[in-house]
Amino acid sequence: MTTAAPGVVIVGSGLGGYTLARELRRLDRDVAVTVITADGGEVYSKPMLSAAFAQGKTIQTLAQKSAGQYAEEQGISVMTRCRVAAIDRQARRLILDGGKTLAYGRLVLAVGADPRPYRVDGSENVTIHTVNDLDDYAVWRDGLIPGGRVLLIGAGLIGAEFANDLATAGQRVAVVDPAPWPLGRLLPRELGDEMARALEGIGVALHLGRSLVRVEPGRAILDDGAVIDFDKALSAIGLVPRVALAAAAGLAVDKGIVVDRLLRTSDPDIFALGDCAQTEAGPLPFVLPLMAEAKALAATLAGTGTPLRLPALPVAVKTPALPVAVCPPAPGAVGEWVVEGDGRDRKALFIGADGRRLGFALSGGKAAERQSLAKEMPDLL
Ligand SMILES: Cc1cc2nc3c(=O)[nH]c(=O)nc-3n(C[C@H](O)[C@H](O)[C@H](O)COP(=O)(O)OP(=O)(O)OC[C@H]3O[C@@H](n4cnc5c(N)ncnc54)[C@H](O)[C@@H]3O)c2cc1C
């Protein structure tokens, strides 16, 4: 009797894991594909989480399909609420919480990232929420009261989106960030100041250039002595790629799980993509790079080695108060911002030392130029 060879096992049912499963099935109708996930395995759009409240979306309407529906539709197996505790590379199997094992032929890590923990004096006594998946979002939305006071820590991309969404939905939002303007790492000052005006225009109280020195249940104290009273607190200070499983298995990790152009880790039978991976262009925690990774990796797993290629990929920031699109220069790029326009409609180009355009940021009516401008930018890979 012959036993079927273990197929492709994907850890993670986020956009990375599920897009890969779909692309692989499109190219190979026969290979056995198993997705194993610590969460409920629902198909949902994570970017919607920071824009859902004002649109009246609920947990039920955010989940587009159940894990079972997706499994049937794609002809794959999905194991939900099942956490992988370790990778036994020698025996080519996963060890699951509870001790069961699962054999793999080729393994793909699509395990995402963890919210960066926020710590300040007193934070151990206060619930400071983070939102990075549907389960977190359900807990966050539960108990938000109409007209409630929200303390939002972090005015980066996700923080600004939540501020816009919550304020539009009638919450009274106070944002604290040590940076002098919102999206401080993505926008030059002129556009950042416009974003600040736009958020204030919809009622958001901004405490920029400020930090919390202490938090108590319902009350936060800032370094300028200001006090913010709140009903619920949300931290949006960034994500840290989940590397623990890979590191414990002896795979190369740095900021993320290190992969080559084939999305291969330091073990040729183990691959990684999405928020957990560190490509040759660095960690790329956005949807468009992840889609390109999934397509390239599916082709490789289906038998045609396909190196990842990435054009410049702009990100549209979901702040209807001031639409913004950004295409940041590569980390460490040397150059300066040149800003055109005034008021809400601005176009900022990041010009390198050799005069080349390396990145851009667009606001208001100019944001619509993002696709055409992206074509002029250097490839990421
Ligand atoms: C609020 C918000 C808004 C965003 N908006 C945008 C946007 O507008 N545009 C954009 O481009 N990007 C946006 N992003 C980023 C984008 O959503 C992510 O880059 C992308 O969804 C990451 O997908 P992923 O599959 O890599 O990770 P995840 O979706 O985090 O999936 C990780 C999966 O791994 C599973 N897992 C982890 N550890 C284990 C384990 N040990 N065992 C089993 N399973 C495990 C989890 O259960 C989960 O299923 C946003 C992110 C957030 C949080």
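Modeller: A salt bridge here is a side-chain nitrogen of Lys or Arg within 4 Å of a carboxyl oxygen of Asp or Glu. By that rule aspartate 135 pairs with arginine 81, their closest N and O atoms being 2.9 Å apart, and the interface of domain 1 and domain 2 holds one salt bridge. The model is a predicted one, in which local features need pLDDT of at least 70 and side-chain atom pairs pLDDT 80 or more, whereas totals for chains, interfaces and linings use all residues. Residues are numbered from 1 along each chain as its sequence is written, and side-chain values use heavy atoms, without hydrogens and water.

The domain assignment, automatic or taken from a database, gives domain 1 as 2-114 + 239-301, domain 2 as 117-235 and domain 3 as 323-374. The C-alpha centres of domain 1 and domain 2 are 31 Å apart, and their contact (heavy atoms within 4.5 Å) draws on 20 residues from domain 1 and 17 residues from domain 2.

Between these two domains about 1,600 Å² is buried, with carbon and sulfur atoms giving 62% of that area; buried area is the accessible area (1.4 Å probe) that two parts lose on being put together, summed over both. Of what domain 1 buries against domain 2, Leu49, Ser50 and Phe53 supply 43%, more than any other three residues.

Seven residue pairs across the interface of domain 1 and domain 2, both residues at pLDDT 80 or more, are in polar contact, meaning a pair of N or O atoms within 3.5 Å, where within protein one must be able to donate a hydrogen and the other to accept it, and residues adjacent in sequence count only if both atoms are side-chain atoms.
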